[in-house]
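Hi,

Here is the model I promised to send over. Have a look at it first, and my notes on what turned up follow below.

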Amino acid sequence: MRLTSFLRFFLGILVGLSAFCIINAEDPYRYFTWTVTYGTISPLGVPQQAILINGQFPGPTIEAVTNDNIVVDVINKLDEPFLITWNGIKQRKSVWQDGVLGTNCPIPPNTRWRYKFQTKDQIGTFSYFPSTKFHRAAGGFGGFNVAHRSVIAVPYPIPTEEFTVLVSDWYKTSHKALQQKLDSGIPLPLPDALLINGLHGSATFSGQKGKTYKFRISNVGIATSINFRIQGHTMTLVEVEGAHTLQEVYESLDVHPGQSVAVLVTLHGSVKDYFIVASSRFTKPILTTTGILRYAGSSIKAAGPLPIGPTYHIHWSMKQARAIRLNLTANAARPNPQGSFHYGTIPIVRTLVLANTAAKIGGKLRYAVNKISYVDPVTPLKLADWFNIPGVFNLNSIKDTPTPGPASLGVSVIGTALHDFVEVVFQNTEPSLQSWHLDGNSFYIVGYGSGNWTPDMRRRYNLADAVPRHTVQVYPYGWSAMLVSLDNKGMWNLRSAIWARRYLGQQLYIRVWNDEKSFFTENNIPQNALFCGKAHH
């Protein structure tokens, strides 16, 4: 009897200790040290200066798991201040790590700074790149993949291997010369070429016949939409920017600037090499680059013709975009089904209609949103907000809808409350495709259309199975509509993913705020925060 009582007591202590450990266990840490330098590369046969990370172009791929803590020490060996932003990583409660000039002072030359953030409740295919000046045109970009936890099921068989595919447009001209051109008010020409993983025509991916592989494809270019396809193979779409999709089969897929997708490809062909093709969309002339899919044991080189892809064909692209739907029964990062969030039933508290325009201000080309062309203040908005520093920005300095009159320079900040459910309509008034990205959040893309948006367009919204993503394309002279639950407190950059437009003012910030300081909604300013402008230690 005494032995039985002792065993019960001992087991009770073990259970209690186990519960304590589970509650207090911290998620794994992954540490990286990145030295950012200039280096010489020749992707187009011409030596040119590029931005390298640890001597690599593109930079190293981050491979993480849901809820991992990511620690990246960035050593800036450039001659200019520098920041990296994490495209699609939501930075839950941690806007301090977002890596844009509205949230962070840049890392000075010959210094180091530590990013520390968590891939909280995320899975998916993402990327990173420089956000300062025009550095992004010189490299410094890479892949950022977040795998699911082992306890969470995925809605497809685990592939044999994964490949990270970074497609970028590329100029032979240096990033400083491109920046000087923009500073002079001159628009950039068409890029010189497309690259796959920093290579023009030679990126190679190898696999075995009969096996299935996941290709994580990101458009890390600064201007150009691309169409991606693989000779003799189809692609099954399984994920878009952290959301599992219905598994439709495609011969080719459009991926616009800043966007990412993941596809499954089964190697069912003869043992030989096949062309992987990326070509530009909506450009004249069409830019094309190739890579190689090589079957193990192949001795036969890839041969033409290349698989045909769409060129202009706006309606084709819009139709494909509308067909991408959310898998409502699948899990994402958490065990609850993706369809359990019924976004279509939530009342909208505010509607923003944001129109992009090209304008001359002071005789030079600028890009504006609702007639305001954004200019970064010397003090980051988040620091000014945190320390109540006056004279940096005013809330709602940009109107909710397009206004007549000339464009002007300004610091555009839209004020919202934490948990507001907002409708945002992007209105494209120009003949070129636009691509819009929102930091800190995912939004449901509920509609695409041509012409001017009106409230009647809401009858065409997809309120059941739209895909949440962080970057959306807006077709020429058209509109795209999204619904977003602003449940991440912070100062979040809403920007053009077409970098010349962003550089010349096509961006703004959304302040998501409440008057309660709580670790449950927002982390404190980190101890290693950099200060600049009006913000001082």
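The count of disulfides comes to one, taking a disulfide as a pair of cysteine sulfur atoms within 2.5 Å. Cys-105 and Cys-532 form it, with an S to S distance of 2.1 Å. Cys-105 sits in the loop between strand E5 (84–87) and E6, while Cys-532 is in the segment after E33, so the bond ties together parts that are 427 residues apart in sequence. The torsion about the S-S bond is about -90 degrees, so this disulfide is left-handed. Both Cys-105 and Cys-532 are buried (buried is under 20% relative accessible area, exposed over 50%, partly exposed in between, with a 1.4 Å probe and protein chains only). Helices (H or I, at least four residues) and strands (E, at least two) are DSSP runs, numbered from the N terminus.

Before you read on, keep in mind that this is a predicted model: local features need pLDDT of at least 70, side-chain atom pairs count only at pLDDT 80 or more, and totals for chains, interfaces and linings use all residues. Residues are numbered from 1 along each chain as its sequence is written, and side-chain values use heavy atoms, with hydrogens and water left out.

Next, the charged pairs. How many salt bridges does a search of the whole structure find? There are 20, where a salt bridge is a side-chain nitrogen of Lys or Arg within 4 Å of a carboxyl oxygen of Asp or Glu. Here are three of them:

- Asp-73 and Arg-112 meet at 3.9 Å, N to O. This pair links distant parts of the chain, with Asp-73 in strand E4 (residues 69–76) and Arg-112 in strand E6 (residues 111–118), 39 residues apart. Asp-73 is buried, at 9% relative accessible area.
- Arg-216 pairs with Glu-162, their closest N and O atoms being 2.9 Å apart. Arg-216 belongs to strand E12 (residues 212–219) and Glu-162 to strand E9 (residues 161–170), 54 residues apart. Arg-216 is buried at 3% relative accessibility, whereas Glu-162 is partly exposed at 33%.
- Glu-522 pairs with Lys-489, with the closest N and O atoms 4.0 Å apart. Glu-522 is in the segment after strand E33 (507–513), and Lys-489 is in the loop between strand E31 (478–486) and strand E32 (490–496). Glu-522 is buried at 7% relative accessible area, and Lys-489 is buried at 4%.

Salt bridges that share partners also join Glu-162, Lys-214, Arg-216 and Glu-239 into one network.

Now Tyr-343. You'll find it in the loop between helix H3 (314–323) and strand E21 (350–361). Tyr-343 is buried, at 2% relative accessibility. Leaving out residues up to four places away in sequence, its contacts (heavy atoms within 4.5 Å) include Phe-421, Tyr-444 and Leu-483. The Tyr-343 side chain also reaches two backbone nitrogens: that of Ala-464 at 3.1 Å and that of Ala-466 at 2.8 Å.

Last, helix H2 (residues 175–183), whose buried residues are His-175, Leu-178, Gln-179 and Leu-182. Seen down the axis of H2, these fall within an arc of 100 degrees, so they line one face of the helix (the arc is that of the directions from the helix axis to the C-beta atoms). They pack against strand E1 (29–41), strand E2 (48–53) and helix H5 (499–503). After H2 comes Gly-185, with a positive phi near 85 degrees.

Cheers

Conventions:
Polar contact = N/O pair within 3.5 Å; in protein donor to acceptor, adjacent residues only side chain to side chain.
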